[in-house]
Each structure stands twice: as structure tokens, then as C-alpha cells.
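Open the model in a viewer and follow the stops below in order. Each stop says what to select and then what is found there.

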There are 2 protein chains.
Amino acid sequence: MARILVLEDEKAINDLVALNLGMVGHTVVQAFTGKEALSIAERTPLDLLILDVMLPDTNGFSVYEKLKGTPAIFLTALGETADKVKGFERGADDYIVKPFEMTELLLRVEAVLRRTHKSERRYQIDDLEIDFEAKTVTKGGEPVDLTLQEYALLEVLIKNRNIALSRQRLMREAWDVSFLGESRTIDVHVQRLRKKLGLDDRIKTIYRLGYRFEEGL
Amino acid sequence: MARILVLEDEKAINDLVALNLGMVGHTVVQAFTGKEALSIAERTPLDLLILDVMLPDTNGFSVYEKLKGTPAIFLTALGETADKVKGFERGADDYIVKPFEMTELLLRVEAVLRRTHKSERRYQIDDLEIDFEAKTVTKGGEPVDLTLQEYALLEVLIKNRNIALSRQRLMREAWDVSFLGESRTIDVHVQRLRKKLGLDDRIKTIYRLGYRFEEGL
DNA sequence: GGCAGTTGTAACAGAGTTGTAAAAACACGT
DNA sequence: ACGTGTTTTTACAACTCTGTTACAACTGCC
């Protein structure tokens with residue numbers, strides 16, 4: 001279940017896409033202009049962008065540039081594909097030629113989310129089993145109690161596994177936007193996760209930066 | 001296994017759909033006109049409607065309107081999608097563009113049924129036995145009185161069992177859409193369910209979020 | 001090794017959240 | 001209008017969580 005932004009000026013298409021994504025359980029935000037999209041992205045974290053290439057006020061690529069880091073799927077009309085494809089050399093992105101089948105879009109969305117680890121409901125490692133939707137954790141079969149805030153933090157860590165995350169970023173992604181406190185809050189929460197789940201080895205401290213959840217490697 | 005009405009005037013397609021649905025275990029009723037569909041719906045309870053949008057005597061939407069409450073999947077030809085989509089703002093429904101793959105239809109049927117959990121009418125756990133359609137509950141053989149609202153809440157909890165449900169979501173799904181009150185209503189109703197049904201252990205409080213019905217964990 | 005900066009850890013208090021009972025508001029038939 | 005049964009609101013006590021603080025332990029660098 002991911003947070004997805006749909007940027008497409010044609011209302012009918014935008015609605016259609018949003019509707020279908022919502023149907024399969026994602027949280028969808030709709031934007032009709034590039035400006036709108038950027039202002040939304042500023043305020044809420046997003047897992048995936050679906051960008052129309054041709055827009056009245058700008059084009060999907062420049063929006064994508066400004067939101068670098070967030071994976072994207074581009075919607076492009078038939079003529080404009082070939083030369084622009086260079087944009088997608090990266091791995092997390094994709095594009096679809098209009099007109100498209102809704103099932104195709106849904107499939108590609110799932111594929112991208114799977115690649116970027118953004119929509120997993122359950123996660124298993126060692127003797128740990130975490131269900132983010134049920135909000136349950138078992139360790140070696142025994143249930144463990146986590147608080148909501150601990151789930152939020154753990155989820156961010158796991159979904160960005162093998163990436164070093166700054167405290168600032170962890171704050172942004174796992175805490176309510178309004179939260180401002182600059183303090184040792186995160187350290188304490190990490191400590192609680194390590195203790196409750198026996199994750200001393202998997203949640204690694206990056207000196208002077210933040211933390212990283214390690215898997216495989 | 002659900003009871004499904006197929007309304008589609010082209011006999012070949014209707015038969016095909018009915019056949020396939022029957023094949024996977026559903027009970028299928030076929031209708032070829034809107035009038036027929038309504039008369040059938042009057043007499044037998046249905047879990048899902050599959051409605052052709054274009055019909056000789058009417059259209060799928062108006063049939064849907066008259067049977068409000070029953071989830072539906074619309075079959076629509078390519079041109080007529082965009083403007084009609086407003087019909088699906090609700091969560092339980094879906095649509096498919098003709099021509100479609102039979103597997104796609106079957107998948108969407110299962111998805112809708114899963115979302116609405118309509119394939120189960122009764123639910124049993126421990127010494128409890130609940131019939132959501134009859135609106136009866138027995139606990140250890142003895143009948144228990146629940147109010148309508150209590151059934152609604154219990155149903156949402158059970159049909160989303162093992163998922164942590166926010167108060168907001170419970171409100172949306174178990175109360176009339178229009179309800180806005182930000183209050184302790186849900187807490188009180190949960191408390192009554194726990195007391196009346198002895199569900200203290202099964203309905204778990206998720207601090208700062210809402211509740212979760214637990215089954216076999 | 002010594003130092004400044006950084007992280008680990010335990011304990012605490014206040015804010016926020018839930019359980020519960022009882023009152024108030026509402027719905028509906030008579 | 002009244003009475004009955006249901007639903008929402010209110011009030012308060014009990015409880016949980018969370019950010020903070022203080023100090024110990026550690027890290028990297030000179």
C-alpha cells in the first residue's frame with residue numbers, strides 16, 4: 001500500500017487512474033498541473049509518481065527532476081516516446097504509451113513498488129515476522145508489543161533497507177509533519193527497537209549520520 | 001462462494017461469464033434485461049452484480065442504483081468509460097473494459113468479494129456463532145441481542161480481521177457516510193461488543209490507532 | 001592517550017489515549 | 001406527547017506512550 005501522486009491534466013484520465021489505484025489499496029493524491037504536484041510533494045511524502053509527459057504548464061520530466069529520488073512512471077503519447085526514453089535509464093522507473101490498458105498500468109505500478117520495496121505488508125527476517133497492516137510482530141513465535149511510533153520507524157528502516165538514513169530523513173518519514181523537536185528522540189526509539197526485537201546487528205549505527213537496516217549483503 | 005447476478009444481453013457473453021464463474025464455485029443467476037435483473041434481485045439475495053453498461057431496455061447504472069448496497073462490476077465498451085466513471089466513487093465496485101480476458105474478470109470478482117467479504121455470511125469462533133444476514137448471535141448456544149449498529153461494527157471488524165483498523169476507517173465503513181462526529185462513539189460500541197460477547201481478548205486495542213479483531217494468531 | 005563530539009541507556013513526567021459509567025439526545029411506534 | 005430502546009456525548013479515572021534529560025560509553029582524530 002503506497003502513496004502515489006497522479007499528475008495528469010485530463011481530468012477523466014486522472015480520475016480513472018486514481019480510481020483504479022485506490023481500488024487496489026493505494027493512497028492516491030491527484031494533481032492537474034506541475035505546480036500543484038510540486039506543492040503537494042513538498043508537504044507529503046510519496047512512494048511513486050505517475051506523470052503525464054505533456055502538460056499545459058510544464059512537462060512530466062521537469063517535475064520528475066525536481067522530485068529526484070522518487071520513482072516515477074511516465075505516461076506518454078505515441079509520438080513522443082523514442083527520444084525521451086533516455087530519461088528512464090535508471091532502474092526504478094518505467095513508462096507507458098497512451099492509450100493504455102488499466103491492467104497494464106496496475107501491473108507496472110506493482111512492479112515498480114516491488115523493486116523499491118514500497119508496498120510490502122509483511123516482512124520476515126531471521127526469527128522475526130512483522131505484519132505492518134495488522135501491526136503485529138512475533139519473534140521466534142512469541143508476540144512482541146510495539147507502539148505505533150515504533151512501527152512507523154521500523155517500517156521506514158525496513159522499506160529503505162541497506163540505505164543509510166539520516167536522522168532528519170527518519171524524522172520526516174516516520175513522524176507527523178508537525179513534529180519539530182531536535183533531540184535524541186530517534187536514538188531512543190532505535191534503542192527500543194533493538195532491545196525489543198533483538199536487532200542489534202541489523203540496525204546499524206552510521207556515526208554522525210543516522211541508521212541503516214541491513215539485510216543480506 | 002458467492003451468489004452472483006450476471007446482466008448482459010448478449011447471450012454468448014452472458015453464458016461464457018456464467019459458465020466461468022460457476023466453474024470456480026459461485027452460484028450464478030443470469031439476466032438478459034434490466035427488468036429481469038430487478039425481478040430476480042427482489043426475490044434472491046445477491047453478493048455481487050456483474051452489469052453490462054449498455055442494454056436494450058436500460059443501462060447497468062440504473063439497475064445498480066436501484067440495487068444500491070450490492071457491490072457491482074460493470075462491463076463497459078471502450079468508448080463509454082471516461083465519463084461514466086463517477087459512478088464508482090464508492091469503494092466496493094469495479095469495472096472492466098470489453099473485450100476482456102476471462103481471467104481478468106475472475107480476478108476482479110475475487111478482489112471485490114474479498115474487499116466486501118460477502119462470500120461469508122456466517123462466522124464462528126470459540127463458542128460464538130454469528131449470522132450477519134439473519135442478524136443473530138449465539139454464545140454458547142444462548143442467543144445474544146445485538147443492536148444494528150453493533151452488528152455493523154462487528155461485521156467490519158470481523159471481515160477485516162487481523163488488520164489494525166483506525167477509528168476513522170471504522171467510522172467510514174460501519175457508520176453512514178455522512179457521519180462526521182469526532183468523538184468516543186466507537187470506543188463505547190467496542191466496549192459493548194466486548195461485554196456482550198466476551199470478546200475482550202479478540203478485539204484488541206491498538207493504542208493511538210483503533211482496534212483489531214484477532215483470529216488464530 | 002586525550003579530547004570533543006556522538007551515541008547508548010535508564011528513568012521520569014507530562015501529554016495524550018482509552019475504559020467505563022452515566023447522562024443526554026435521538027428514533028420510532030403507539 | 002409518551003415510553004422504549006438505541007446511539008452519541010460527557011466526564012473522569014486509569015493507563016500508555018513519548019520526548020527529554022542526565023550520564024555513561026564509545027568513536028575518530030590529533
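## Stop 1: DNA strand D

Select A:Trp175, where a polar side-chain atom lies 2.7 Å from a phosphate oxygen of DNA strand D. Bear in mind that this is a predicted model.

Next, go to B:Ser183: an N or O atom in its side chain is 2.5 Å from a phosphate oxygen of DNA strand D. Then pick B:Arg184, which has a polar side-chain atom 3.5 Å from a base nitrogen of DNA strand D.

By class, the surface near DNA strand D comprises nine nonpolar, ten polar and five charged residues.

Which helices supply at least two residues each of the surface near DNA strand D? They are H7 of chain A, together with helix H5 (148-159) and H7 of chain B.

Sugar or phosphate accounts for 65% of them, and bases for the rest.

## Stop 2: DNA strand C

Move to DNA strand C and select A:Arg194. One of its polar side-chain atoms lies 2.2 Å from a phosphate oxygen of DNA strand C. At A:Thr205, a polar side-chain atom lies 2.6 Å from a phosphate oxygen of DNA strand C. For B:Arg208, display the backbone: a backbone N or O atom of B:Arg208 lies 2.9 Å from a phosphate oxygen of DNA strand C.

The surface near DNA strand C has 13 charged, ten nonpolar and four polar residues.

Colour by element of secondary structure. Helix H7 (185-197) and strand E11 (203-206) of chain A, and helix H7 (185-197) and strand E11 (203-206) of chain B, each supply at least two residues of the surface near DNA strand C. H7(A) gives the most, with six residues.

How do the atoms of DNA strand C within 4 Å of the protein divide, and what percentage belongs to sugar or phosphate? The figure is 50%, and the rest belong to bases.

## Stop 3: chain B against chain A

The size of an interface is often given as the accessible area lost when the parts come together. Chain B and chain A bury about 1400 Å² between them, with 58% of this on carbon and sulfur atoms.

How many salt bridges are counted between chain B and chain A? The count is one salt bridge. To find it, select A:Asp145 and B:Lys204, whose side chains meet at 3.8 Å, N to O. Four residue pairs are found in polar contact across the interface of chain B and chain A, with both residues at pLDDT 80 or more.

## Stop 4

Select residues 122-125 and 128-131 of chain B, which are strands E6 and E7; they pair in the antiparallel sense over four bridges. B:Tyr123 stands opposite B:Ile130 in E7(B). The hairpin of E6(B) and E7(B) has two residues between the strands, and B:Asp126 takes a positive phi near 50° in this hairpin.

Four residues lie between E7(B) and E8(B) in their hairpin, and B:Lys135 in the turn has a positive phi of about 60°.

## Stop 4: a salt bridge within chain A

Over all chains, the structure holds 31 salt bridges. Select A:Arg121 and A:Asp131 for one of them, with the closest N and O atoms 3.0 Å apart. A:Arg121 lies in the loop between helix H4 (102-115) and strand E6 (122-125) of chain A, and A:Asp131 lies in strand E7 (residues 128-131) of chain A, so the pair ties together parts that are ten residues apart in sequence.

Notes:
Residues are numbered from 1 along each chain as its sequence is written. Chains are lettered from A and ligands numbered from 1 in the order in which they are written. This is a predicted model: local features need pLDDT of at least 70, side-chain atom pairs count only at pLDDT 80 or more; totals for chains, interfaces and linings use all residues. Side-chain values use heavy atoms; hydrogens and water are left out. Two strands pair if DSSP finds at least two bridges between them. A residue is near a molecule or strand if one of its heavy atoms lies within 4 Å of it. A polar contact is a pair of N or O atoms within 3.5 Å; within protein, one must be able to donate a hydrogen and the other to accept it, and residues adjacent in sequence count only if both atoms are side-chain atoms. Ala, Val, Leu, Ile, Met, Phe, Trp, Tyr, Cys and Pro count as nonpolar, Asp, Glu, Lys and Arg as charged, and the others, Gly among them, as polar. Buried area is the accessible area (1.4 Å probe) that two parts lose on being put together, summed over both. A salt bridge is a side-chain nitrogen of Lys or Arg within 4 Å of a carboxyl oxygen of Asp or Glu.
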